[in-house]
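This report walks through one protein chain, moving from single residues to the groups they form. Please keep the sequence and the 3D view at hand while reading.

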Amino acid sequence: MQTKTENNRAWLLVMPVFLLVAFSAIIPLMTVVNYSIQDIFDQNTRYFVGTEWYREILNDPRLHDSLVRQFIYSFCVLAIEIPLGIAVALTMPARGLKASIVLIVLAIPLLIPWNVVGTIWQIFGRADIGLLGWFLNNIGVEYNYASDPVDAWITVLVMDVWHWTSLVALLCYSGLRAIPDVYYQAAKIDRASNWAVFRYIQLPKLKSVLLLGVLLRFMDSFMIYTEPFVLTGGGPGNSTTFLSQALTKMAVGQFDIGPAAAFSIIYFLIILLVCWMFYTAMTSMDRRD
């Protein structure tokens, strides 16, 4: 039997893009690593400090508080947006004009820039001119996201759900549309219930898009910065100060370049580790099934 030889010349076409991406990613990363092991006073005055900044950041209560706050927020985002996105996708029309209209409506929040989303909800939640704040206060609910930490937290969470649930819904919709009709026909012949169709046909076929959705939403929510910064500025107090805002305050507000660089490396490693854990867990579940 004749074996087919593998042609590796195709890598020559990919190599320019690979080198460009590597250059644009590795050089800044190495620069940050270089800053994280030095004490920088000005452009020409810097001293090697080794891992001192890493030890300082790992023992910093600000990192611990922001990290706990960030994990709770990301968990809430995933716990709400993934089931809600699946439910929206299941109720969407399969084809026709209605399907096109629903897809356009769902895509609108995704087209709005992050800073505009924060501004919209900043106005929307105000008690004097915002519809949400005015309505809640008029029905007897004392709502003020600028002074109440719980209100601020809930507002940031609802804002993210409004902004990004559409992404999960569109991913799940594409996965549902890829399921062949013969599966539904067989389920109908067997008189399977709607729950059985979802459990044994739709959910297994959605695992790949759900893995993508979970990874995307975790990374986005774990790196959130613009929306809560515009809406609450990290307050009241530090109730909505997430890791990215704590890092920005350290790097830009205090101009602590060395500690901020060490902070960013730890931040990057946390995201990488948790994403790897998500990916490993979900792919192992898929192999067992």
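Thr 165 sits in helix 7, which covers residues 149-177; here helices (H or I, at least four residues) and strands (E, at least two) are DSSP runs, numbered from the N terminus. The model is a predicted one, in which local features need pLDDT of at least 70 and side-chain atom pairs count only at pLDDT 80 or more, while totals for chains, interfaces and linings use all residues. Residues are numbered from 1 along each chain as its sequence is written, and side-chain values use heavy atoms, with hydrogens and water left out.

Thr 165 counts as buried because its relative accessibility is 8%, where buried means under 20% relative accessible area, exposed over 50%, and partly exposed in between (1.4 Å probe, protein chains only). Leaving out residues up to four places away in sequence, Thr 165 touches Glu 81, Leu 84, Gly 85 and Asp 160, a contact being heavy atoms within 4.5 Å.

## Spans taken from the record

An unreviewed UniProt entry lists residues 67-278 as "domain: ABC transmembrane type-1"; UniProt positions are given in the numbering used here, feature names are shortened, and annotations may be inferred rather than shown by experiment.

## The nonpolar cores

Which residues of the largest nonpolar core touch the most other members? Of its 47 residues, they are Ile 57, Ile 82, Cys 172, Phe 222 and Phe 263, where a nonpolar core is a set of buried Ala, Val, Leu, Ile, Met, Phe, Trp, Tyr and Cys residues joined through side-chain atoms within 4.5 Å. Among the helices that each supply at least two residues of this core are helix 3 (61-91), helix 7 and helix 10 (207-222), but the largest share, 10 residues, comes from helix 13.

Phe 222, apart from its neighbours within four places in sequence, is in contact with Leu 67, Gln 70, Phe 71, Ser 74, Leu 243, Tyr 267, Ile 270 and Ile 271.

## Helix 12 and the residue after it

The buried residues of helix 12 are Leu 243, Ser 244, Gln 245, Ala 246, Leu 247 and Met 250. Lys 249 also has its place in helix 12, but Lys 249 is partly exposed, because its relative accessible area is 39%. Not counting residues up to four places away in sequence, Lys 249 touches Asn 238, Thr 241 and Gln 254. From C-alpha to C-alpha, Lys 249 and Ala 260 are 8.9 Å apart in space, although 11 residues separate them in sequence. Just after helix 12, Phe 255 takes a positive phi of about 55°.

## An exposed arginine in a loop

Is Arg 191 buried or exposed? Arg 191 is exposed, because its relative accessible area is 77%, and it lies in the loop between helix 8 (181-189) and helix 9. Although Arg 191 is not a glycine, it has a positive phi of about 60°.
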